[in-house]
Amino acid sequence: MNDDFLGGLRGQPTPEFKAQLRERLRRQEEGADTSMNYEDLPVRTSRRPWPFLAAGVLAAAVVALVVSPALRASASAFLEMFRVRRFAAIPVDPARLERLESGTIDLKGLLADNTDTIQEPGPPQFFSSVASAGFAAGFPIRVPAVPPSGMAVDTVTVRGGGEARFTARTTKLREVLDALGLIDVTIPPGLDGAQVGVRTSPSVMVRYQSEKRRIGLYQSRSPEVSLPPGVDLAQVGEIGLRIAGLERADAERFARSIDWHSTMLVPMPTNAGSFREVDVRGNKGLLLTTRGEPDPSGNPGREGSMLMWAEGDMVYALRGNVDSDNLLEMAITLQ
Amino acid sequence: MATRDNVIRSRFLPWQESREADWDALYAEHLPQIYNFFRYRLGNPADAEDLTAETFGRAWRARDRYRRDLGAFGGWLFTIARNLAVDHYRGRREMVSLEMAAEISGGATPEDLSVRRSNAERLTRLLERLPERERELIAWKFGAELSNQEIARISGLTQSNVGTILHRTIKQLREEWLKEDKRHER
């Protein structure tokens, strides 16, 4: 038997469809329909705004990049405790995030009071070219083959590597949990005094800019983390998920399904936008789209998109006030 | 800033001067590929039309940047199509399962049997049973009619892996097809 049967589904689109779509594209080419929404075609696809990510999540907090400068310091320190292989998102309650940011919960002190800095990354250094920045960073910098339309490189900066050691203090953690009313959370008995070593590599940020649009391309080797034996990452991660606002059952379920050694969690406030998993040249990436709506305090939100993915031992992120397709296009043409 | 401009130009504009884009020709070439990719990937002609329109709509917005590099534009189309298929498949998984359950459990009328015997219907049902990755590779191979090398570039798999997975999947489909033939002969 030959494989002719496998051609049984192949066919031509109907002439009506071909003509209709070509006409719409032609109008777009002529600029007469640049704002055309393809959803005016009879699209019957099912779109879920909050796709469930079965692969699991990790208790870190890139949420700071989306909503909160206050959380950024503690969040970035926490997320660097992993060798990142993939990103995943989880919707979280914005009220909890607001509470964490309010200053009444000493989340930052959880890490800052127990950190021994071995090497400071130092301030970002400016470079006049991508090539010289790559030389300083110690890895070849990749840039998109197709530049963002109408945009040019504005600045290229390199931030040095860093190294720090964190000592877990369960009394401080207990204070945070109690302040949040999480009295049912059990802290692993062996956690107090455990030391976690974190070493980050130099990172490069290439910023593109036009009159109204900005895009930042971040790239770095994945951070390296040394953990003491016996630390149950899933249990610690579950605590992180509870702090982020997940119910006990959800936190337990997520914590047990995640590869905590390689997955970076991106908590996404449910009122801030949407996320979806995308493919970036065979690697799973996470694409966030924020709506730019003001938060409950009336502060303006950030409208735009952010794409994160890992390739080999490198981690990449693109962020800007542009359409998510623009970021995806840049990502797949990096060279 | 001439030096910086030169660096940027050398990195961002590596393609050579070439013919201007013929969008009609490009549309004629890629439309059947994208449409048939979705036919194999999703099974439903209406969904295939919807997602084909969505794919071209998104890609067309960036067409100016590919005016002199049409090969890259094809890759951009395939990437959009791939991601749209993944999104669509996730959203519809539950519904497809229910449809299949109804088909399996329902009493077959002579008309149903007639429809089932059509090659397209049979192939659609066999493809629905494949894991996502295998189905996607079959869609690129037999829907879009891409080479293993092209599929490797899109999927991120090695060319050797693409060949191995396709060989195994085709063998499995052939065996299932023959089994159905035998069932119908009884």
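# A tour of chains A and B

Start by selecting A:Arg281. With 17 C-beta neighbours inside 10 Å, A:Arg281 counts as partly exposed. The cut-offs: a residue is buried if 20 or more other C-beta atoms lie within 10 Å of its own, exposed if 12 or fewer, and partly exposed in between, with C-beta atoms placed from the backbone. A:Arg281 lies in the loop between strand 11 (273-280) and strand 12 (283-291) of chain A. Helices (H or I, at least four residues) and strands (E, at least two) are DSSP runs, numbered from the N terminus. Look at the backbone here. A:Arg281 is not a glycine, yet its phi is positive, about 50°. Most residues other than glycine have a negative phi.

Before moving on, some ground rules. This is a predicted model: local features need pLDDT of at least 70, side-chain atom pairs count only at pLDDT 80 or more, and totals for chains, interfaces and linings use all residues. Residues are numbered from 1 along each chain as its sequence is written, while chains are lettered from A and ligands numbered from 1 in the order in which they are written.

**Chain A as a whole**

Now select chain A. It holds 10 helices and 14 strands. Of its 335 residues, 39% count as buried. Next come contacts, meaning pairs of residues whose C-beta atoms, placed from the backbone, lie within 7 Å. Take those in chain A between residues at least 6 apart in sequence: 69% join residues at least 24 apart.

Select strand 4 (residues 152-159) of chain A. Strand 3 (residues 125-127) of chain A runs antiparallel to strand 4, and three bridges join them. Strands pair if DSSP finds at least two bridges between them. Strand 7 (residues 203-209) of chain A also runs antiparallel to strand 4, with seven bridges.

Which residue of strand 4 stands opposite A:Phe127? Click on A:Val156; that is the one. In strand 7, the bridge partner of A:Val156 is A:Val206.

**A leucine in strand 8**

From A:Val206, step to A:Leu217. The two are in contact, and A:Leu217 also touches A:Leu318 by the contact rule, leaving aside neighbours within four places in sequence. A:Leu217 is found in strand 8 (residues 214-221) of chain A. Buried or exposed? It counts as buried, with 27 C-beta neighbours inside 10 Å. Draw a line to A:Leu327. The C-alpha atoms are 9.4 Å apart, although the residues are 110 apart in sequence.

**The cores**

A nonpolar core is a set of buried Ala, Val, Leu, Ile, Met, Phe, Trp, Tyr and Cys residues joined through C-beta atoms within 7 Å. The largest has 57 residues. Select A:Val266, A:Leu286, A:Leu307, A:Leu318 and A:Ala331: these have the most contacts inside it. A second, separate core of 43 residues includes A:Leu21, B:Phe73, B:Ala139 and B:Ile151.

Go back to A:Leu286. Beyond four places in sequence, its contacts include A:Phe87, A:Val266, A:Phe275 and A:Met308.

**Chain B: a kinked helix**

Select helix 2 (residues 23-42) of chain B. Now find B:His30. A kink of about 30° lies there, shortly before the proline B:Pro32. That bend is the angle between axes fitted to the seven residues ending at a residue and the seven starting there. Among the buried residues of this helix are B:His30, B:Leu31, B:Phe37 and B:Leu42. B:Gly43 follows the helix, with a positive phi near 90°.

Select helix 7 (residues 132-143) of chain B. Nine of its 12 residues are buried, including B:Leu137, B:Ala139 and B:Trp140. Next, B:Glu145, in the loop between helix 7 and helix 8 (148-155) of chain B. B:Glu145 has a positive phi of about 55° although it is not a glycine. With 14 other C-beta atoms within 10 Å, B:Glu145 is partly exposed.

**Confidence, last stop**

Where pLDDT is low, the predicted coordinates should not be read in detail. For the complex, the predictor gives an ipTM of 0.72 and a pTM of 0.53.

Notes
pLDDT = per-residue confidence, 0-100.
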